[in-house]
Amino acid sequence: MDHVPQLVLDGFLAPCLAHFCDLFSAAHRSRSIRAQSLAALTKLLTALTGFLKRAFPEDGIPASAAAGAHATVAGGGDALADMDMDCTAQYGRHGDAAVGPGPSSIRQQMQSLAAYPGMPLGADRMRQPQRFAGDLLRQLDGLFRNAAAVTRSGRKQRRKFEGADTADKNRHKKGRGSVSTTETAAAASGGKGVAAAAAALAAVTTPAAASAAGVGLSAASGAAAAGLLGAPTAMAAALAAASDARASALRLVSLLMDCWLECNPTQLAIAPDLEQATALAMIAAACNSLIERLLLPRQAAVGGAGQQHGVWQQGPPPSAEQRLALTQQLHDLAARRVAAHFPAVLPPVKPPPAVVEALVRLNLQCAELLGRFLPLLADSRSHHQPHNFMPAGSGASGSVTLWWVPALVSYYVGALEQGLLLPPAAKTLSDASSAAATAAQGMSAAAADALLMAVSVALGQLDDMAAARLMAAVANFAARQSPRSGARLACIRMQHSLLLAAVGGRVSLAEGAVASWLEPLPKLLWEVGGGSPEIAAAALLLLLDAARFAAPGSSASEFLSSTLQPQLAPLFAVQLPPKAAKAAWAKYTSALAAASPLSGPEPGSAPGSVSSAGSDEVMVLLPGAVSKLPEPVARLAVDLIYHTGALGGPLLKPLAAALSSAALPCSVCLRLLDVVMARLRDAPDPALAASWLLTLLFGPQHGQRVLSPDGADLTASWDRQRALVDTALMGLGRLGGIAPLLMVLAPQLAALPLAEVVTAGARGARLQRYSLVRLCALALGEAAGGDRLPAGLMEIVPAAAAICGVEAGVAVAFAEAGSNGPAAVLPHSTTFGPVAQLLAERPALAMAVIRHLLALIRQAAQEQPHPHQAAPACATLGYLPLHISALAALQLAQTLVKLQPVRLALAASVADRECLVGLVKELSGATRNLPVAAAGTTGSDHAAACGLESQRLLQTVGDLYGNAAAS
């Protein structure tokens, strides 16, 4: 088993189980286990447990994981045609696992055989012969007679004719020299040992159970009424049953239950013994393994011939009637005996810790064993009981009595609510035993997983009252766990599985049960943060599915929108009050000075903004738990918002702050904005949606430096802010159009200082101007929006467009060449895209924009020294360098006069063309009259570039509008 476990399991599982049946039989135990020694029985149980763990190593894997694993290949049944390919594929996939811990030479040999496209070693042993039933039974009977001939009585008969038998001179000694395990001391003939085995098999195998167990000898022999198993003799029936793994497993369960009674489980409540408790626990564990893997495998894993992952299946899967019959048979055989002593209790005199641990294992194994028979509740209810009645008495024919169900439910509730895996004995006079029961047994992660798995299986079978009691206990248990514990994760996953089962109609959940599960999850997500993405993902999946499947207008939907939705806001960001800005600003400036004391301002940003800004221009934002999660998990939180209903003010305000900062990753931020824009159309108050859009696009937070409480800079970059505005404007079409929104926002936008020169280059004003230009361009481009802007915006839009174009040109010049190099002339599609789009929709604004460019240059020239004097090194236009701004203004004017819509609009009016040419000439002259920068400075290079660009602009206007320019 250690070297090639899969080969032994595929070809020799049935003989191995038959061997254990012989070892646990009464005949063998009366001979080899002296005086029913508990230590000797424990050795046999240890050997059986080791064999079952090697045969089914996935017993420790949860059922959900085991059910989804890959199927392996078995060498029995009718799967003969594809034997070569199946075995090759199986060894190729699981070569290392199948080889086991053998020597390296053996592993290399097995790997080479796995790579060879032929039959693996020993594959011919897995083939079962194709024989007729009659021939098979005759050969079995012959094998039995040959086996009987070598028994003690046969040798005595031979000794009379052949002399003394010297080969068996040690036959009277026990141990390795003893006779066959099927021999009894009182056997008078060779056939009595096997006949006794056949009688034992017949005692535990009814026709229904034999059929359900896969023993189909009656159909194979063609004589269904020729005996219990359809075999001509009892000896042949015993040997045939021994060749079937499921029949041997059924007999082994019966023998283990005999050992259960011999271990005297009633003594556990008085004076438990370590060997006794250990043996009982191993018996229950072995029965669990045999029932789950051989007798009653999971229905989702059953299919076809051969062995699937952890499930042995020969022949066609049993029908529902056969499975029910075998379940009833196993209940009478095992569950009744186990339930009579369940649960084991802590005696008044506290036993040693090892005994307590063994008793806890016994209780868990017994609870798992009893839980396998809970499907019989549905059968008894379908006969004659309503769903909310728990059967406690005898039922009609075909049903069984499940009197132990209340005890099982009470044990689960006590274990979950109080942590009592080993409840104290009844009628205990002192509270010391109860306290000892709670303190002596801390529920481990493995015990919690096993307990919760058993509870999740039981919830699908119990009545409504018992299920509600268990679900309340699970919620209580989850509330007592630490946020990052494995038990809390198991509770969340169990609740999620129950929710999906309820959606599928397999489980009935009480009103308000799901809400009680969801209510503590936002706090859990905040406490977990980014420390446990697995728990956060499980909690978010539960929230997401609960919101997705909530019926509109139901109590669950009302809970999501009114209670849960406001609790989601802190998960994204929390805006702290202004009094926290001073401390955050001090930490930021000290960290900035220590990290880069000689670094200058960012290109294109306001010069001296870090040094001149104060705590009054700071917004302190505390990032939520979503910012600390991996991106796939954070997207679950974003998608959850969409399913919580119409968005309210308590959630929208923190989302605007989070979107305006760098608290969230950029991709998550854009997805969040898309979700919010899709939900704004369902806002109960349209004014709320308009107010939120005004804050998002034109809010004062864009001009503030965003800091975290520890001084980290969360200010969004220009590229991120521009992507935010573009995404928001693309989603405005879902709200009924941009033009109506612009009409609503016009009074607030007209009050903003967007046309003032002193704000040129400022962080917040730049984004506001960009948003206004883009918004007006899209509004003019709408088919139903008309060709006019609101009256309040007609005055500020040309000036805002002129400054926006200059800001864009300066930013590109810094990005392409830096502040110490020459500024490049770039295409308008990449540099002046928003302004060009606006003029393409409304060409009549071209001369107004150029006029405001001229006003900008003249105002800047007036604020500077005399033209013949050298300009200071810090000459600016607002917050922008003066000569670079003039260069950007010339490039913007050249881009505008080249636009095809502008040229077509001016083609019909000579006066407009002459006016345009005059404005261009004045703009070129104004740039030439700017103060000359000192020689050798960066301003001198930019001033020279301005002269060249003004000549290029005049040449372009002369080429396009030659007649007007000549006049």
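## Basis

Residues are numbered from 1 along each chain as its sequence is written, and side-chain values use heavy atoms, with hydrogens and water left out. The model is predicted: local features need pLDDT of at least 70, side-chain atom pairs count only at pLDDT 80 or more, and totals for chains, interfaces and linings use all residues.

## Overall fold

The chain has 45 helices and 9 strands. Both are DSSP runs, numbered from the N terminus: helices are H or I with at least four residues, strands are E with at least two. Of the 967 residues, 49% count as buried. Buried means under 20% relative accessible area, exposed over 50%, and partly exposed in between (1.4 Å probe, protein chains only).

Contact means heavy atoms within 4.5 Å. Among contacts with a separation of 6 or more, 78% come from residues 24 or more positions apart.

## Nonpolar cores

A nonpolar core is a set of buried Ala, Val, Leu, Ile, Met, Phe, Trp, Tyr and Cys residues joined through side-chain atoms within 4.5 Å. The largest has 254 residues. Phe24, Leu256, Leu330, Tyr412, Phe572, Trp692 and Leu772 touch the most other members. Helix α15 (residues 274-295) gives the most to this core, with 13 residues.

Leu330 touches Leu250, Val253, Ile291, Leu295, Leu296, Ala335 and Phe373, leaving aside residues up to four places away in sequence. Another core lies apart from the largest one. That core has 7 residues, including Ala584, Tyr588, Val620 and Leu707.

## Aromatic pairs

Rings of Phe, Tyr and Trp (its six-membered ring) pair if their centres lie within 6.5 Å; planes under 30 degrees apart count as stacked, over 60 as edge-to-face and the rest as tilted. The count comes to 5 aromatic pairs. Phe342 and Tyr411 pair edge-to-face, 5.2 Å centre to centre with 65° between the planes. Phe342 lies in the loop between α16 (320-339) and α17 (353-371), and Tyr411 in helix α19 (residues 405-418), so the pair ties together parts 69 residues apart in sequence. Both Phe342 and Tyr411 are buried. Phe342, Tyr411 and Tyr412 form one aromatic cluster.

Trp585 and Tyr588 both lie in helix α28 (residues 581-595), 3 residues apart, about one turn of the helix. Their ring centres are 5.6 Å apart and their planes at 40°, so this pair is tilted. Trp585 is buried at 12% relative accessible area, and Tyr588 is buried at 8%.

## Charges over rings

A charge sits over a ring if NZ of Lys or CZ of Arg is within 6 Å of the ring centre and within 35 degrees of the ring normal. The charged end of Arg679 sits over the ring of Tyr642, 4.7 Å from its centre. The charged end of Arg766 sits over the ring of Trp718, 3.8 Å from its centre.

## Strand pairing

Two strands pair if DSSP finds at least two bridges between them. Strands β3 (residues 573-575) and β4 (residues 618-623) run antiparallel, joined by 3 bridges. Val574 stands opposite Leu622 in β4.

Strand β4 also pairs with β5 (residues 705-707) through 3 bridges, in parallel. Here Val620 stands opposite Leu707 in β5. Val620 and Leu707 are also among the residues of the 7-residue core.
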